[in-house]
Amino acid sequence: MLNALATPRPAQAAEAGAPDARRPATQTFLTHAARSKAFHGFVNPPIYRGSTVLFDTMDDLVHGRGEFTYGRKGNPSTRALEGAWTELAGAAGTILCGSGLAAITTALLSVARAGDHLLVVDTVYGPVRALCDGLLERFGVAVSYFPPDPGADFEQAFRDNTVAVYLESPGSLTMEIQDVPGLAAIAHARGACVLMDNTWSTPILFDAHATGVDISIEAGTKYLGGASDLLLGVASANSAYWPRLQDTHRMMGCIAGPEDVFLALRGFRTLDLRIRESGKRALEIAHWLRSRPGVRAVLHPALEQSPGHGYWKRDYHGASGLFSVILDPVSRQSLARMLDGLRLFGMGYSWGGFESLVTPIDHDLVRTAKPWPHTGPTLRLYIGLEDVDDLKQDLSDGFARLAGKP
Ligand SMILES: *Cc1c(COP(=O)(O)O)cnc(C)c1O
């Protein structure tokens, strides 16, 4: 049964000399991955609920024989998504956790031990900074932060005990694209592991493993789930790091529930379409915002002025739907008037669903390696699947309230 779940992507069959040499497009792979005859012809792997897995004989139990032996160690639902993601990401294996943060924690604990040092990008997702400065420091792991585009200073940041470099591109809230292959090459020359938060791109828009990343992590909560109705973490590793990632995941037991995994596999089918469509709408709105009075800068990797745009052009296959805008300085009340009155843009955390969102981000912006130089209020926008003209109208009305017009 598991062999059926792990059906090789036709591209692999082609490499093995099979007659059909045409590599299937990503959308075809997403549509057909993780299907199995074991499910009686039903199209999708069902939700397997269960803790106990019964063994036929004492001998089987003692030797842990069988594809599945205990609920925490996986079931056909989780195996289906893990296998499909591993293929999509070009990895050796994938773990699933109950949240993005849990996957990041598991990944970091798989490479660090007491006495080690980690280099973490300054633009890291806030809760990861809390994990590093709180839990990891408490367990004897030293962490220091480097700017997203560190230049020649990057080599100097390494210590004798630096075991890993943690990247996030684009940076959280401020959207700097990093030179992932360049930084990875330097890290590897020093024997350090390269981890990256690839949530913004997913493997659809950025081939993290092919670009030098050893462990790539995603909040499946965002685009993979795609409907704001689940939390999930996904971490994939290359063959060098897969054994320790899998071991750490097993030791910690921080798994994902089968229902969320089932929903995420639904999201997987339409991931390419949704991320590209949301990205297309976001880019249109980013261009439109750039020319508006009251907007100081638009931080969107596909715009030339955005930091790291050259790396984006070189390494990425597109842009997703999340970006930020710096406004001219305004009073807090004016900003609240603008945001409180929005009809379509919801105000709240997370992103990657159908609906557009806005959050003011200044209070969340922590930078310790290099101060954030801008003074105007900054908004993070996520563009969903609503009609673009409707979204522009909602923002236009918001700008009118910001300028004090009735
Ligand atoms: C949301 C998010 C996370 C954390 O995911 P959770 O599922 O909320 O724990 C990590 N990284 C990035 C970039 C995110 O946007």
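**Entry 1**

I looked up where the lining of the largest pocket comes from, and found at least three residues from each of domain 1 (30–268) and domain 2 (271–402). The domain bounds come from an automatic or database domain assignment. I noted that this is a predicted model, in which local features need pLDDT of at least 70, side-chain atom pairs count only at pLDDT 80 or more, and totals for chains, interfaces and linings use all residues. Residues are numbered from 1 along each chain as its sequence is written, and side-chain values use heavy atoms, with hydrogens and water left out.

I read 35 lining residues for this pocket, with Tyr125, Pro127, Ser172, Lys222 and Arg380 nearest its centre. A pocket here is an open set of points on a 1 Å grid over the protein atoms alone, where a 1.4 Å probe fits, with protein on both sides within 12 Å along at least five of seven lines; lining residues have an atom within 4 Å of a point. Helix H6 (100–111), helix H7 (126–138) and strand S6 (215–219) are the elements giving two or more residues to the lining. Helices (H or I, at least four residues) and strands (E, at least two) are DSSP runs, numbered from the N terminus.

I wrote down a pocket volume of about 680 Å³; a volume is the space filled by probe spheres set on the points, and grid points are joined across faces, edges and corners. The lining divides into 17 nonpolar, ten polar and eight charged residues. Ala, Val, Leu, Ile, Met, Phe, Trp, Tyr, Cys and Pro count as nonpolar, Asp, Glu, Lys and Arg as charged, and the others, Gly among them, as polar.

I found the C-alpha centres of domain 1 and domain 2 to lie 27 Å apart. Their contact (heavy atoms within 4.5 Å) takes 39 residues from domain 1 and 41 residues from domain 2.

**Entry 1: the five-stranded sheet**

I traced an open sheet in the order S8-S9-S12-S11-S10, with mixed pairing; two strands pair if DSSP finds at least two bridges between them. Strand S8 (295–299) and strand S10 (346–347) are at the edges with a single partner strand each, so one side of each has no neighbour in the sheet. Helix H14 (residues 332–340) packs on this sheet and touches S9, S10, strand S11 (357–360) and S12, its direction making about 10 degrees with that of S12. Axes are lines fitted to C-alpha atoms, for helices over the stretch in contact, and angles run from 0 to 180 degrees between N-to-C directions.

Which residue of S12 is the bridge partner of Ser324? I found Arg380, and Arg380 is also the bridge partner of Thr359. S9 and S12 run antiparallel, joined by five bridges, while four bridges join S11 to S12, also antiparallel. S10 and S11 pair in the parallel sense over two bridges.

**Entry 2: the seven-stranded sheet**

I traced a second open sheet in the order S1-S7-S6-S5-S4-S2-S3, again with mixed pairing. Strand S1 (93–97) and strand S3 (142–146) are its edges, each with a single partner strand, so one side of each is left without a neighbour. Neighbouring strands are turned by 20 degrees against each other on average, direction ignored.

Strand S2 (residues 117–121) runs parallel to strand S4 (residues 162–168), over four bridges, and Leu119 stands opposite Val165 in S4. I saw H6, one of the pocket-lining elements, lying across S1, S2, S4, strand S5 (193–197), S6 and S7 at about 160 degrees to S6.
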